[in-house]
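User: Please examine the model shown below and answer a series of questions on its architecture and local geometry.

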Amino acid sequence: MRNAIFTIGFTLLLYFSIGLHQAWAEIMEQDTTTGETEHNWIESSVNYETIYVDTHEYTYWKNFLREKRSCDIFHKIKTVVYYCDIHGHTKSESHLVEVIHSEKHK
Ligand SMILES: [Zn+2]
Ligand SMILES: [Zn+2]
């Protein structure tokens with residue numbers, strides 16, 4: 001009889017520890033799945049901005065004379081803002097779209 005109680009007790013303990021282990025495993029699984037979950041990035045806005053970068057000098061010929069002129073360089077930047085509705089956060093990516101010279105020259 002004592003043996004039986006011991007066996008039941010041991011079995012309960014075993015079940016309990018298995019249950020704990022399973023619960024723990026589930027927590028671990030959830031943690032890894034959220035870690036591995038891909039973001040659901042949705043394009044939310046697109047902005048273009050032109051920023052001044054530098055001024056350089058260029059030479060050109062005018063009436064057989066070599067002339068100097070200064071030209072401003074601008075970078076046209078495209079910024080895309082993405083929103084992830086899974087985690088509720090945003091990210092932005094910027095790319096150089098075009099280099100613009102204020103003067104037409106070669
Ligand atoms: Zn996300
Ligand atoms: Zn230029």
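User: Where does Phe64 lie?

Analyst: This is a predicted model, in which local features need pLDDT of at least 70, side-chain atom pairs count only at pLDDT 80 or more, and totals for chains, interfaces and linings use all residues. Residues are numbered from 1 along each chain as its sequence is written, while chains are lettered from A and ligands numbered from 1 in the order in which they are written. Strands (E, at least two residues) and helices (H or I, at least four) are DSSP runs, numbered from the N terminus. On that basis, Phe64 lies in the loop between E1 and E2.

User: Is Phe64 buried or exposed, and what is its phi?

Analyst: A residue is buried if 20 or more other C-beta atoms lie within 10 Å of its own, exposed if 12 or fewer, and partly exposed in between, with C-beta atoms placed from the backbone. Phe64 has 5 other C-beta atoms within 10 Å and is therefore exposed. Although Phe64 is not a glycine, its phi is positive, at about 65°.

User: Which residue in the turn of the E1 and E2 hairpin has a positive phi of about 50°?

Analyst: E1 and E2 form a hairpin with 2 residues between them. The residue in question lies in the loop between E1 and E2 and counts as exposed because it has 5 C-beta neighbours inside 10 Å. It is a residue other than glycine, namely Asn63.

User: In what order do the 3 strands form the open sheet?

Analyst: Two strands pair if DSSP finds at least two bridges between them. The pairing in this open sheet is antiparallel, and the order is E1-E2-E3. The edge strands, each pairing on one side only, are E1 and E3.

User: Over how many bridges do E2 and E3 pair?

Analyst: Strand E1 (residues 41-62) and strand E2 (residues 65-84) pair in the antiparallel sense over 20 bridges, with Ser45 standing opposite Val81 in E2. Tyr83 stands opposite Thr90 in E3. For E2 and E3, the antiparallel pairing runs over 12 bridges.

User: Why does strand E1 lie largely in the open, and what percentage of the protein chain counts as buried?

Analyst: Strand E1 has 22 residues, and the number buried is 0, so the strand lies largely in the open. For the 106 residues of the protein chain, the share that counts as buried is 0%.

User: Which residues does Val80 touch, not counting those up to four places away in sequence?

Analyst: Val80 lies in strand E2 and counts as partly exposed because it has 15 C-beta neighbours inside 10 Å. Two residues are in contact if their C-beta atoms, placed from the backbone, lie within 7 Å. Val80 thus defined touches Glu43, Val46, Ser92 and Glu93.

User: What is the C-alpha to C-alpha distance in space between Lys91 and Glu43?

Analyst: Lys91 lies in strand E3 (residues 89-101) and counts as exposed, because it has 11 C-beta neighbours inside 10 Å. Leaving aside neighbours within four places in sequence, Lys91 is in contact with Trp41 and Tyr82. The C-alpha atoms of Lys91 and Val80, 11 residues apart along the chain, are separated by 8.4 Å. Lys91 and Glu43 are 48 residues apart in sequence, and their C-alpha separation is 9.7 Å.
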